[in-house]
Amino acid sequence: MRIRRRAALATAALLALTLTACGGGGSSTAGAGAGVLTVGMPNGPQTENHNPLISTSASASLGYRYVIWEPLVMTSQTAPDREGKPWLATKWDWSDNYRKLVLTIRDGVTWSDGKPMTAADVAYTFTLLKSTKALNINAIPWGDITSSGSTVTVTFPTSQFVNQIKILNQVVLPQHQWSTFADPATDPVKQPIGTGPYTLKSFTPQTTTLVAREGYWQTAPEVKELRYTSYNDNNAQTTALANGSVEWSFVFIPNYKSVYVDKDPEHHKLWFPPTLAIHGLFLNTEQAPFDNPALRRAMSKVINREDIFQQGEAGYFYPKVDNVTGIPTPAGESFISDKYKGKTTGLDVEGAKRELTGAGFTLNGDKLLDPTGKPVSITLSNPAGWSDYITDLEIIKDNLSGIGITATVDKANQDAWTTAIDTGQFQASLHWTNSGATPYDIYQSVMDGALYKPVGTPGVNGNFGRFKNDTATKALETYANADSDTARKTAMDTLQDVMVEQMPVIPVMAANAGAEYNTKNWVGWPSAEDPYADAQPTLINALDVVLHLKAAGK
(Lines give C-alpha, C1' and ligand atoms only; values in the text may rest on other atoms or scores of the structure.)
Protein backbone atom coordinates (compact mmCIF):
# COMPACT_ATOMS: atom_id res chain seq x y z
CA MET A 1 0.00 0.00 0.00
CA ARG A 2 2.72 2.44 0.94
CA ILE A 3 4.51 2.49 -2.40
CA ARG A 4 1.41 3.62 -4.27
CA ARG A 5 1.26 6.79 -2.16
CA ARG A 6 4.91 7.53 -1.49
CA ALA A 7 5.44 10.43 -3.91
CA ALA A 8 2.25 12.12 -2.76
CA LEU A 9 3.10 12.29 0.92
CA ALA A 10 3.63 15.88 1.99
CA THR A 11 4.40 16.89 5.54
CA ALA A 12 2.94 19.92 7.21
CA ALA A 13 6.41 21.43 7.33
CA LEU A 14 6.34 21.88 3.59
CA LEU A 15 3.48 24.29 3.91
CA ALA A 16 5.84 26.67 5.66
CA LEU A 17 8.79 25.94 3.41
CA THR A 18 10.59 28.99 2.07
CA LEU A 19 13.09 28.83 -0.69
CA THR A 20 14.49 32.36 -0.62
CA ALA A 21 18.02 31.02 -0.65
CA CYS A 22 17.34 29.23 -3.91
CA GLY A 23 17.21 32.37 -6.01
CA GLY A 24 15.14 32.84 -9.12
CA GLY A 25 15.16 29.43 -10.72
CA GLY A 26 18.77 28.39 -10.33
CA SER A 27 20.23 25.58 -12.36
CA SER A 28 22.37 22.55 -11.84
CA THR A 29 25.91 22.31 -13.12
CA ALA A 30 24.69 19.83 -15.71
CA GLY A 31 22.01 20.62 -18.28
CA ALA A 32 21.71 20.37 -22.03
CA GLY A 33 25.18 21.78 -22.61
CA ALA A 34 26.64 18.69 -20.97
CA GLY A 35 23.89 16.45 -22.36
CA VAL A 36 22.66 15.70 -18.82
CA LEU A 37 19.06 15.43 -17.59
CA THR A 38 18.49 15.30 -13.82
CA VAL A 39 15.59 13.29 -12.42
CA GLY A 40 14.50 13.06 -8.79
CA MET A 41 12.10 11.16 -6.58
CA PRO A 42 11.47 11.52 -2.80
CA ASN A 43 11.98 7.83 -2.07
CA GLY A 44 14.97 7.76 0.29
CA PRO A 45 18.16 5.68 0.07
CA GLN A 46 18.06 2.85 -2.46
CA THR A 47 19.48 -0.67 -2.38
CA GLU A 48 21.34 -1.78 -5.47
CA ASN A 49 18.98 -4.03 -7.33
CA HIS A 50 17.99 -3.00 -10.85
CA ASN A 51 15.46 -5.82 -11.39
CA PRO A 52 12.73 -4.31 -13.61
CA LEU A 53 10.13 -6.89 -12.54
CA ILE A 54 10.20 -6.03 -8.83
CA SER A 55 8.30 -2.92 -7.75
CA THR A 56 10.62 -2.29 -4.78
CA SER A 57 13.85 -2.29 -6.81
CA ALA A 58 15.83 0.91 -7.31
CA SER A 59 15.09 0.87 -11.04
CA ALA A 60 11.35 0.74 -10.36
CA SER A 61 11.38 3.25 -7.50
CA LEU A 62 13.26 5.88 -9.51
CA GLY A 63 11.87 4.92 -12.92
CA TYR A 64 15.00 4.13 -14.91
CA ARG A 65 14.02 0.53 -15.57
CA TYR A 66 12.10 1.72 -18.63
CA VAL A 67 15.12 3.35 -20.30
CA ILE A 68 17.22 0.19 -19.88
CA TRP A 69 14.58 -2.44 -20.70
CA GLU A 70 11.92 -1.83 -23.32
CA PRO A 71 8.31 -2.95 -23.78
CA LEU A 72 6.75 -4.81 -26.63
CA VAL A 73 4.23 -2.00 -27.16
CA MET A 74 4.10 1.56 -25.78
CA THR A 75 0.68 2.62 -24.46
CA SER A 76 -0.72 5.51 -22.43
CA GLN A 77 -2.67 5.48 -19.16
CA THR A 78 -4.09 8.95 -19.83
CA ALA A 79 -5.24 8.07 -23.35
CA PRO A 80 -6.28 4.40 -23.10
CA ASP A 81 -8.16 4.55 -26.41
CA ARG A 82 -5.02 5.57 -28.30
CA GLU A 83 -3.47 2.88 -30.47
CA GLY A 84 -0.28 1.53 -28.96
CA LYS A 85 3.07 2.41 -30.52
CA PRO A 86 4.98 -0.57 -31.93
CA TRP A 87 8.20 -0.94 -29.95
CA LEU A 88 10.00 -4.27 -29.67
CA ALA A 89 6.94 -5.82 -31.29
CA THR A 90 6.07 -4.46 -34.74
CA LYS A 91 2.73 -6.26 -34.87
CA TRP A 92 0.39 -7.99 -32.46
CA ASP A 93 -2.72 -9.98 -33.28
CA TRP A 94 -5.27 -11.25 -30.76
CA SER A 95 -7.69 -14.02 -31.66
CA ASP A 96 -10.05 -16.54 -30.07
CA ASN A 97 -11.55 -13.80 -27.86
CA TYR A 98 -8.16 -12.73 -26.52
CA ARG A 99 -7.09 -16.27 -25.73
CA LYS A 100 -4.35 -16.26 -28.36
CA LEU A 101 -1.68 -13.66 -29.11
CA VAL A 102 0.74 -13.68 -32.04
CA LEU A 103 3.59 -11.17 -31.84
CA THR A 104 5.97 -10.17 -34.60
CA ILE A 105 9.27 -9.15 -33.00
CA ARG A 106 11.39 -6.36 -34.43
CA ASP A 107 14.54 -7.34 -36.31
CA GLY A 108 17.86 -5.53 -35.92
CA VAL A 109 17.63 -4.87 -32.18
CA THR A 110 20.65 -5.63 -30.01
CA TRP A 111 21.17 -5.94 -26.29
CA SER A 112 23.48 -3.44 -24.66
CA ASP A 113 26.23 -6.10 -24.63
CA GLY A 114 26.00 -6.37 -28.42
CA LYS A 115 24.14 -9.66 -28.68
CA PRO A 116 20.99 -9.74 -30.85
CA MET A 117 17.55 -9.59 -29.27
CA THR A 118 15.28 -12.28 -30.74
CA ALA A 119 11.83 -13.75 -30.43
CA ALA A 120 13.37 -16.42 -28.22
CA ASP A 121 14.10 -13.71 -25.62
CA VAL A 122 10.44 -12.69 -25.66
CA ALA A 123 9.30 -16.28 -25.26
CA TYR A 124 11.82 -16.74 -22.45
CA THR A 125 10.48 -13.64 -20.67
CA PHE A 126 6.90 -14.91 -20.79
CA THR A 127 8.00 -18.39 -19.69
CA LEU A 128 9.92 -16.90 -16.76
CA LEU A 129 6.79 -15.09 -15.60
CA LYS A 130 4.75 -18.26 -16.00
CA SER A 131 7.16 -20.31 -13.89
CA THR A 132 7.96 -17.66 -11.24
CA LYS A 133 4.89 -16.62 -9.29
CA ALA A 134 6.72 -13.86 -7.44
CA LEU A 135 7.51 -12.13 -10.75
CA ASN A 136 4.07 -12.64 -12.29
CA ILE A 137 2.66 -9.65 -10.39
CA ASN A 138 -0.30 -9.24 -12.75
CA ALA A 139 -1.33 -12.88 -12.22
CA ILE A 140 -1.47 -13.55 -15.96
CA PRO A 141 -2.62 -17.16 -16.61
CA TRP A 142 0.00 -18.04 -19.20
CA GLY A 143 -0.65 -21.05 -21.39
CA ASP A 144 1.56 -22.39 -24.19
CA ILE A 145 4.46 -20.12 -25.22
CA THR A 146 6.43 -20.79 -28.42
CA SER A 147 8.71 -18.89 -30.77
CA SER A 148 9.67 -19.42 -34.41
CA GLY A 149 11.77 -17.02 -36.42
CA SER A 150 10.55 -13.53 -35.53
CA THR A 151 7.17 -14.74 -34.24
CA VAL A 152 6.04 -15.49 -30.70
CA THR A 153 2.74 -17.28 -30.09
CA VAL A 154 1.06 -17.33 -26.68
CA THR A 155 -2.18 -18.97 -25.61
CA PHE A 156 -4.25 -18.39 -22.48
CA PRO A 157 -6.94 -20.52 -20.82
CA THR A 158 -9.29 -17.52 -20.48
CA SER A 159 -9.92 -14.25 -22.27
CA GLN A 160 -7.21 -11.66 -21.60
CA PHE A 161 -9.19 -8.66 -22.80
CA VAL A 162 -8.77 -6.89 -19.45
CA ASN A 163 -5.08 -7.84 -19.26
CA GLN A 164 -4.06 -7.16 -22.86
CA ILE A 165 -2.23 -3.89 -22.12
CA LYS A 166 -0.36 -5.44 -19.20
CA ILE A 167 0.85 -8.20 -21.52
CA LEU A 168 1.82 -5.85 -24.35
CA ASN A 169 3.63 -3.52 -21.92
CA GLN A 170 5.87 -6.33 -20.72
CA VAL A 171 9.57 -5.46 -20.85
CA VAL A 172 11.76 -8.04 -22.56
CA LEU A 173 14.67 -9.70 -20.75
CA PRO A 174 17.86 -11.22 -22.20
CA GLN A 175 17.73 -14.98 -21.87
CA HIS A 176 21.52 -15.28 -22.00
CA GLN A 177 21.79 -13.31 -18.74
CA TRP A 178 18.64 -14.14 -16.80
CA SER A 179 18.89 -17.88 -17.35
CA THR A 180 22.10 -17.78 -15.28
CA PHE A 181 20.36 -16.46 -12.15
CA ALA A 182 19.78 -19.05 -9.45
CA ASP A 183 16.55 -17.31 -8.44
CA PRO A 184 15.44 -14.45 -10.72
CA ALA A 185 12.94 -13.31 -8.09
CA THR A 186 15.53 -12.74 -5.39
CA ASP A 187 18.96 -12.49 -7.04
CA PRO A 188 19.88 -8.79 -7.22
CA VAL A 189 20.44 -7.51 -10.77
CA LYS A 190 23.60 -5.39 -10.56
CA GLN A 191 24.78 -5.45 -14.17
CA PRO A 192 21.65 -4.71 -16.19
CA ILE A 193 21.56 -5.66 -19.87
CA GLY A 194 18.69 -4.24 -21.89
CA THR A 195 17.68 -3.12 -25.37
CA GLY A 196 17.02 0.44 -24.24
CA PRO A 197 19.10 3.51 -25.11
CA TYR A 198 20.91 3.68 -21.75
CA THR A 199 23.26 1.59 -19.67
CA LEU A 200 24.30 1.82 -16.04
CA LYS A 201 27.33 4.03 -15.33
CA SER A 202 27.31 4.18 -11.53
CA PHE A 203 25.14 3.53 -8.50
CA THR A 204 25.03 4.86 -4.95
CA PRO A 205 22.11 4.72 -2.51
CA GLN A 206 21.43 8.37 -3.38
CA THR A 207 22.19 8.65 -7.11
CA THR A 208 22.08 6.35 -10.13
CA THR A 209 23.73 7.55 -13.34
CA LEU A 210 22.99 6.14 -16.78
CA VAL A 211 24.73 6.93 -20.07
CA ALA A 212 23.54 6.66 -23.65
CA ARG A 213 24.90 3.56 -25.36
CA GLU A 214 26.17 2.83 -28.84
CA GLY A 215 24.12 0.72 -31.21
CA TYR A 216 20.61 1.64 -30.06
CA TRP A 217 18.06 0.66 -32.71
CA GLN A 218 16.28 4.01 -32.80
CA THR A 219 17.72 7.49 -33.33
CA ALA A 220 20.15 8.13 -30.50
CA PRO A 221 18.72 10.38 -27.76
CA GLU A 222 20.06 13.91 -27.36
CA VAL A 223 20.13 13.31 -23.61
CA LYS A 224 23.51 11.64 -23.17
CA GLU A 225 23.38 11.14 -19.42
CA LEU A 226 20.54 10.58 -16.96
CA ARG A 227 21.13 11.27 -13.27
CA TYR A 228 18.49 9.88 -10.93
CA THR A 229 18.65 11.18 -7.35
CA SER A 230 16.54 9.77 -4.54
CA TYR A 231 15.81 12.46 -1.96
CA ASN A 232 14.91 11.67 1.62
CA ASP A 233 11.52 13.38 1.59
CA ASN A 234 9.18 15.71 -0.27
CA ASN A 235 10.77 18.81 1.23
CA ALA A 236 14.20 18.00 -0.16
CA GLN A 237 12.75 16.94 -3.51
CA THR A 238 10.74 20.16 -3.81
CA THR A 239 13.76 22.31 -2.94
CA ALA A 240 15.75 20.56 -5.67
CA LEU A 241 13.00 21.23 -8.20
CA ALA A 242 12.74 24.86 -7.17
CA ASN A 243 16.46 25.59 -7.44
CA GLY A 244 16.89 23.66 -10.68
CA SER A 245 19.02 20.82 -9.30
CA VAL A 246 16.33 18.42 -10.51
CA GLU A 247 14.55 18.92 -13.81
CA TRP A 248 11.95 16.13 -13.71
CA SER A 249 9.99 14.63 -10.82
CA PHE A 250 6.68 13.36 -9.51
CA VAL A 251 5.99 14.82 -6.06
CA PHE A 252 3.07 16.48 -4.28
CA ILE A 253 3.80 20.16 -3.57
CA PRO A 254 1.40 22.16 -1.39
CA ASN A 255 1.37 25.80 -2.48
CA TYR A 256 3.02 24.64 -5.69
CA LYS A 257 2.70 28.02 -7.38
CA SER A 258 4.68 30.03 -4.83
CA VAL A 259 7.00 27.19 -3.84
CA TYR A 260 7.83 25.92 -7.33
CA VAL A 261 6.33 27.68 -10.34
CA ASP A 262 7.01 31.27 -9.23
CA LYS A 263 10.72 30.54 -8.76
CA ASP A 264 11.04 30.45 -12.56
CA PRO A 265 7.65 30.89 -14.23
CA GLU A 266 9.12 30.64 -17.72
CA HIS A 267 10.61 27.21 -17.21
CA HIS A 268 9.01 25.53 -14.17
CA LYS A 269 6.08 23.56 -15.57
CA LEU A 270 3.76 20.81 -14.43
CA TRP A 271 1.10 18.65 -16.04
CA PHE A 272 -1.04 16.15 -14.12
CA PRO A 273 -3.66 14.51 -16.40
CA PRO A 274 -6.08 11.95 -14.93
CA THR A 275 -5.90 8.23 -15.55
CA LEU A 276 -8.47 5.46 -15.27
CA ALA A 277 -8.06 5.01 -11.52
CA ILE A 278 -9.65 6.85 -8.63
CA HIS A 279 -9.16 7.80 -5.01
CA GLY A 280 -12.40 7.39 -3.10
CA LEU A 281 -13.91 7.26 0.35
CA PHE A 282 -14.25 3.56 1.14
CA LEU A 283 -16.99 2.85 3.69
CA ASN A 284 -17.20 -0.37 5.63
CA THR A 285 -20.38 -1.70 4.06
CA GLU A 286 -20.67 -4.48 6.65
CA GLN A 287 -21.10 -1.97 9.45
CA ALA A 288 -24.48 -0.31 10.07
CA PRO A 289 -25.65 2.21 9.08
CA PHE A 290 -23.07 2.35 6.25
CA ASP A 291 -24.50 -0.86 4.86
CA ASN A 292 -27.40 1.31 3.66
CA PRO A 293 -26.85 2.58 0.08
CA ALA A 294 -29.16 5.55 0.69
CA LEU A 295 -26.75 6.84 3.34
CA ARG A 296 -23.78 6.32 1.03
CA ARG A 297 -25.55 8.16 -1.81
CA ALA A 298 -26.49 11.01 0.51
CA MET A 299 -22.91 11.36 1.74
CA SER A 300 -21.70 11.57 -1.85
CA LYS A 301 -24.16 14.39 -2.58
CA VAL A 302 -22.66 16.67 0.09
CA ILE A 303 -18.94 16.10 -0.46
CA ASN A 304 -17.38 19.20 -1.99
CA ARG A 305 -14.97 17.76 -4.54
CA GLU A 306 -13.92 21.17 -5.79
CA ASP A 307 -12.77 22.19 -2.29
CA ILE A 308 -10.89 18.91 -1.96
CA PHE A 309 -9.14 19.48 -5.28
CA GLN A 310 -8.28 23.13 -4.61
CA GLN A 311 -7.31 22.79 -0.94
CA GLY A 312 -6.34 19.22 -0.17
CA GLU A 313 -4.77 18.51 -3.57
CA ALA A 314 -3.36 22.04 -4.12
CA GLY A 315 -5.43 22.59 -7.25
CA TYR A 316 -3.42 20.27 -9.47
CA PHE A 317 -2.44 16.89 -8.04
CA TYR A 318 -5.45 14.56 -7.99
CA PRO A 319 -8.15 15.95 -10.31
CA LYS A 320 -11.72 15.72 -9.08
CA VAL A 321 -14.02 12.96 -10.30
CA ASP A 322 -17.55 14.27 -10.65
CA ASN A 323 -19.30 11.98 -13.12
CA VAL A 324 -21.90 9.97 -11.19
CA THR A 325 -20.36 6.69 -12.43
CA GLY A 326 -17.03 7.44 -10.76
CA ILE A 327 -15.26 7.16 -14.13
CA PRO A 328 -12.61 9.88 -14.58
CA THR A 329 -12.87 12.10 -17.62
CA PRO A 330 -11.61 12.68 -20.23
CA ALA A 331 -9.67 9.40 -19.93
CA GLY A 332 -12.84 7.33 -19.49
CA GLU A 333 -15.38 9.38 -21.41
CA SER A 334 -15.89 6.75 -24.12
CA PHE A 335 -16.88 4.13 -21.54
CA ILE A 336 -19.62 6.14 -19.84
CA SER A 337 -23.14 4.87 -20.51
CA ASP A 338 -25.31 7.19 -22.58
CA LYS A 339 -27.71 7.71 -19.71
CA TYR A 340 -24.91 8.97 -17.45
CA LYS A 341 -23.03 11.18 -19.89
CA GLY A 342 -22.88 14.72 -18.53
CA LYS A 343 -24.40 13.73 -15.19
CA THR A 344 -22.24 15.07 -12.40
CA THR A 345 -22.22 14.92 -8.62
CA GLY A 346 -22.79 18.57 -7.80
CA LEU A 347 -23.47 19.63 -4.22
CA ASP A 348 -27.08 18.84 -3.31
CA VAL A 349 -27.71 19.02 0.43
CA GLU A 350 -31.49 19.06 0.04
CA GLY A 351 -31.34 16.07 -2.29
CA ALA A 352 -29.22 14.25 0.28
CA LYS A 353 -31.77 14.94 2.98
CA ARG A 354 -34.54 13.56 0.77
CA GLU A 355 -32.49 10.40 0.19
CA LEU A 356 -32.13 9.96 3.94
CA THR A 357 -35.71 10.64 4.99
CA GLY A 358 -36.94 8.35 2.23
CA ALA A 359 -34.82 5.55 3.71
CA GLY A 360 -36.05 5.97 7.28
CA PHE A 361 -33.37 8.35 8.61
CA THR A 362 -34.51 11.42 10.53
CA LEU A 363 -32.96 14.78 11.24
CA ASN A 364 -33.31 15.78 14.88
CA GLY A 365 -32.05 19.35 14.96
CA ASP A 366 -28.47 19.16 13.72
CA LYS A 367 -28.18 15.40 14.32
CA LEU A 368 -28.93 12.61 11.89
CA LEU A 369 -30.60 9.55 13.41
CA ASP A 370 -30.51 6.18 11.68
CA PRO A 371 -33.69 4.10 11.24
CA THR A 372 -33.17 2.60 14.73
CA GLY A 373 -32.98 6.06 16.30
CA LYS A 374 -29.22 6.09 16.92
CA PRO A 375 -27.16 9.20 16.04
CA VAL A 376 -25.00 8.69 12.97
CA SER A 377 -21.31 9.22 13.59
CA ILE A 378 -18.26 8.18 11.58
CA THR A 379 -14.50 7.98 12.00
CA LEU A 380 -12.53 9.01 8.91
CA SER A 381 -9.06 7.47 9.08
CA ASN A 382 -5.80 7.80 7.15
CA PRO A 383 -2.11 7.86 8.11
CA ALA A 384 -1.06 11.09 9.80
CA GLY A 385 1.78 11.74 7.35
CA TRP A 386 -0.46 11.74 4.30
CA SER A 387 -1.20 15.43 4.63
CA ASP A 388 -3.23 15.84 1.44
CA TYR A 389 -5.51 12.98 2.46
CA ILE A 390 -5.84 14.40 6.00
CA THR A 391 -6.84 17.78 4.60
CA ASP A 392 -9.34 16.03 2.33
CA LEU A 393 -10.83 14.23 5.33
CA GLU A 394 -11.19 17.48 7.26
CA ILE A 395 -13.17 18.90 4.33
CA ILE A 396 -15.35 15.78 4.20
CA LYS A 397 -15.91 16.03 7.96
CA ASP A 398 -17.26 19.56 7.58
CA ASN A 399 -19.37 18.54 4.56
CA LEU A 400 -21.02 15.67 6.44
CA SER A 401 -22.05 17.97 9.28
CA GLY A 402 -24.45 19.56 6.78
CA ILE A 403 -26.63 16.44 6.94
CA GLY A 404 -26.19 15.86 10.66
CA ILE A 405 -23.38 13.30 10.62
CA THR A 406 -20.78 13.74 13.36
CA ALA A 407 -17.40 12.91 11.87
CA THR A 408 -14.00 12.53 13.50
CA VAL A 409 -10.69 12.55 11.63
CA ASP A 410 -8.30 9.88 12.90
CA LYS A 411 -4.67 10.68 12.02
CA ALA A 412 -3.59 7.11 12.32
CA ASN A 413 -0.29 5.36 12.73
CA GLN A 414 0.50 4.01 9.28
CA ASP A 415 1.10 0.41 10.31
CA ALA A 416 -2.08 0.38 12.40
CA TRP A 417 -4.05 1.89 9.51
CA THR A 418 -2.69 -0.69 7.07
CA THR A 419 -3.76 -3.49 9.39
CA ALA A 420 -7.20 -1.92 9.91
CA ILE A 421 -7.82 -1.66 6.16
CA ASP A 422 -6.55 -5.18 5.58
CA THR A 423 -8.85 -6.68 8.20
CA GLY A 424 -11.87 -4.41 7.73
CA GLN A 425 -11.59 -2.79 11.16
CA PHE A 426 -12.46 0.73 10.04
CA GLN A 427 -15.48 2.89 9.22
CA ALA A 428 -14.24 5.11 6.40
CA SER A 429 -10.93 5.82 4.69
CA LEU A 430 -9.61 7.40 1.53
CA HIS A 431 -7.91 4.81 -0.68
CA TRP A 432 -6.96 4.33 -4.31
CA THR A 433 -8.08 1.75 -6.86
CA ASN A 434 -6.20 -0.19 -9.47
CA SER A 435 -5.74 1.39 -12.88
CA GLY A 436 -6.04 -0.03 -16.36
CA ALA A 437 -7.05 0.58 -19.93
CA THR A 438 -10.76 0.42 -19.08
CA PRO A 439 -12.87 1.22 -15.98
CA TYR A 440 -12.98 -2.52 -15.26
CA ASP A 441 -9.98 -2.16 -12.96
CA ILE A 442 -11.67 0.61 -10.97
CA TYR A 443 -14.87 -1.34 -10.52
CA GLN A 444 -13.11 -4.58 -9.72
CA SER A 445 -11.20 -2.77 -6.96
CA VAL A 446 -14.39 -1.60 -5.27
CA MET A 447 -17.11 -4.19 -5.91
CA ASP A 448 -15.74 -7.58 -6.93
CA GLY A 449 -17.19 -10.29 -4.75
CA ALA A 450 -14.29 -12.54 -5.76
CA LEU A 451 -12.03 -10.24 -3.71
CA TYR A 452 -14.33 -10.19 -0.68
CA LYS A 453 -12.97 -11.24 2.70
CA PRO A 454 -15.03 -11.17 5.92
CA VAL A 455 -14.22 -8.54 8.52
CA GLY A 456 -11.30 -9.78 10.58
CA THR A 457 -9.78 -11.81 7.75
CA PRO A 458 -6.52 -10.30 6.42
CA GLY A 459 -5.01 -10.48 2.95
CA VAL A 460 -7.49 -8.27 1.13
CA ASN A 461 -6.46 -7.14 -2.37
CA GLY A 462 -9.21 -4.72 -3.30
CA ASN A 463 -12.87 -4.38 -2.25
CA PHE A 464 -11.65 -2.82 0.99
CA GLY A 465 -15.23 -1.85 1.89
CA ARG A 466 -16.31 -5.52 1.90
CA PHE A 467 -19.06 -4.81 -0.64
CA LYS A 468 -21.15 -7.80 -1.73
CA ASN A 469 -23.38 -7.64 -4.77
CA ASP A 470 -23.97 -10.64 -7.01
CA THR A 471 -24.97 -8.45 -9.96
CA ALA A 472 -21.68 -6.58 -9.82
CA THR A 473 -19.56 -9.71 -9.46
CA LYS A 474 -21.33 -11.36 -12.39
CA ALA A 475 -20.97 -8.24 -14.57
CA LEU A 476 -17.24 -8.09 -13.84
CA GLU A 477 -16.85 -11.73 -14.82
CA THR A 478 -18.91 -11.17 -17.95
CA TYR A 479 -16.90 -8.12 -18.96
CA ALA A 480 -13.60 -9.97 -18.57
CA ASN A 481 -14.76 -12.96 -20.62
CA ALA A 482 -17.26 -11.44 -23.07
CA ASP A 483 -16.93 -12.51 -26.69
CA SER A 484 -18.05 -9.23 -28.24
CA ASP A 485 -17.87 -5.47 -27.74
CA THR A 486 -21.65 -5.43 -27.39
CA ALA A 487 -21.56 -7.88 -24.48
CA ARG A 488 -18.76 -5.91 -22.83
CA LYS A 489 -20.70 -2.65 -23.17
CA THR A 490 -23.77 -4.25 -21.60
CA ALA A 491 -21.68 -5.49 -18.67
CA MET A 492 -19.99 -2.09 -18.28
CA ASP A 493 -23.39 -0.36 -18.28
CA THR A 494 -24.51 -2.75 -15.54
CA LEU A 495 -21.44 -1.94 -13.43
CA GLN A 496 -22.19 1.76 -13.77
CA ASP A 497 -25.76 1.16 -12.63
CA VAL A 498 -24.46 -0.62 -9.53
CA MET A 499 -22.05 2.23 -8.81
CA VAL A 500 -24.74 4.90 -9.12
CA GLU A 501 -27.44 3.01 -7.23
CA GLN A 502 -25.38 1.23 -4.56
CA MET A 503 -22.39 3.61 -4.20
CA PRO A 504 -19.97 0.93 -2.93
CA VAL A 505 -17.32 3.65 -2.72
CA ILE A 506 -17.69 7.43 -2.88
CA PRO A 507 -15.49 8.56 -5.80
CA VAL A 508 -13.61 11.76 -5.02
CA MET A 509 -10.47 12.15 -7.14
CA ALA A 510 -8.74 10.65 -10.15
CA ALA A 511 -5.24 9.25 -10.08
CA ASN A 512 -2.78 10.98 -12.38
CA ALA A 513 0.22 10.28 -14.58
CA GLY A 514 1.80 13.70 -14.24
CA ALA A 515 5.07 15.38 -13.45
CA GLU A 516 6.89 18.58 -12.70
CA TYR A 517 9.53 19.42 -15.32
CA ASN A 518 11.93 22.21 -16.26
CA THR A 519 12.16 23.58 -19.83
CA LYS A 520 15.32 25.65 -19.26
CA ASN A 521 17.68 23.02 -20.66
CA TRP A 522 15.35 20.56 -22.38
CA VAL A 523 12.20 20.98 -24.47
CA GLY A 524 9.78 18.51 -26.00
CA TRP A 525 7.98 17.54 -22.79
CA PRO A 526 4.42 16.17 -22.98
CA SER A 527 1.75 18.70 -22.04
CA ALA A 528 -1.95 19.43 -22.35
CA GLU A 529 -1.17 20.95 -25.75
CA ASP A 530 0.95 17.97 -26.85
CA PRO A 531 -0.17 14.91 -24.84
CA TYR A 532 1.91 12.38 -26.76
CA ALA A 533 2.85 10.46 -23.60
CA ASP A 534 2.22 10.25 -19.88
CA ALA A 535 4.60 12.61 -18.09
CA GLN A 536 5.43 10.69 -14.91
CA PRO A 537 9.12 9.69 -14.81
CA THR A 538 8.44 6.29 -13.22
CA LEU A 539 5.96 5.08 -15.84
CA ILE A 540 6.67 3.17 -19.04
CA ASN A 541 6.26 6.36 -21.11
CA ALA A 542 9.37 7.86 -19.51
CA LEU A 543 11.32 6.18 -22.30
CA ASP A 544 9.22 7.89 -24.97
CA VAL A 545 9.57 11.23 -23.20
CA VAL A 546 13.38 11.06 -23.01
CA LEU A 547 13.56 10.19 -26.70
CA HIS A 548 11.47 13.28 -27.51
CA LEU A 549 13.62 15.74 -25.57
CA LYS A 550 15.79 18.25 -27.42
CA ALA A 551 18.28 20.78 -26.11
CA ALA A 552 16.59 24.13 -25.50
CA GLY A 553 17.51 26.93 -27.90
CA LYS A 554 18.34 24.67 -30.84
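H10 and H12 pack with their axes 9 Å apart, at an angle of about 145°. This is a predicted model. H10 passes H12 in a right-handed crossing. From H10, the contact takes in Asp307, Ile308, Gln311 and Gly312. From H12 come Asp388, Thr391, Asp392, Ile395 and Ile396.

Which residues of H12 are buried? They are Ser387, Asp388, Tyr389, Ile390, Asp392, Leu393, Ile395, Ile396, Asn399 and Leu400.

H15 spans residues 470–481 and H16 spans residues 485–502. Their axes come within 9 Å and cross at roughly 155°. The cut-off for roughly antiparallel is over 145 degrees, so H15 runs roughly antiparallel to H16. The crossing of H15 and H16 is left-handed, whereas that of H10 and H12 is right-handed.

Which residues make the contact between H15 and H16? H15 supplies Thr471, Ala472, Ala475, Leu476, Thr478 and Tyr479. H16 supplies Arg488, Ala491, Met492, Thr494, Leu495 and Val498. The contact of H15 with H16 divides into 8 nonpolar residues, 3 polar and 1 charged.

Now turn to the loops, and to the cis peptide bonds. One joins alanine 288 and proline 289, with omega about 0°. Proline 289 sits in the loop between strand E13 (274–283) and helix H9 (293–302). Another cis bond runs from threonine 329 to proline 330, where omega is near 5°. Proline 330 belongs to the loop between helix H10 (305–312) and helix H11 (349–358). That brings the reader back to H10, the helix that packs with H12.

Positive phi values come next. Tyrosine 98 is not a glycine, yet its phi is near 65°. The residue lies in the loop between strand E4 (89–95) and strand E5 (100–105). Is tyrosine 98 buried or partly exposed? Its relative accessibility is 21%. Buried means under 20%, so tyrosine 98 counts as partly exposed.

Asparagine 255 also has a positive phi, about 55°, although it is not a glycine. Its loop runs between strand E11 (248–249) and helix H8 (256–259). Asparagine 255 has a relative accessible area of 40%, so it is partly exposed.

End at lysine 115. This residue is found in the loop between E5 and helix H4 (119–131). With a relative accessible area of 42%, lysine 115 is partly exposed. What does lysine 115 touch, not counting residues up to four places away in sequence? Its contacts are Thr110 and His176. How far apart in space are lysine 115 and methionine 447? They are 47 Å apart, C-alpha to C-alpha, and 332 residues apart in sequence.

How values were computed: Residues numbered from 1 in each chain as written. Predicted model: local features only at pLDDT ≥ 70, side-chain atom pairs only at ≥ 80, totals over all residues. Heavy atoms only, no water. Axes fitted to C-alpha atoms, helices over the stretch in contact; angles between N-to-C directions. Helix = DSSP H or I, 4+ residues; strand = E, 2+ residues; numbered from the N terminus. Parallel < 35°, antiparallel > 145°, perpendicular 65-115°, else oblique. Left-handed = near helix turned anticlockwise from the far one by under 90°. Contact = heavy atoms within 4.5 Å. Nonpolar A, V, L, I, M, F, W, Y, C, P; charged D, E, K, R; others polar. Buried < 20%, exposed > 50% of the residue type's maximum accessible area, 1.4 Å probe, protein only.
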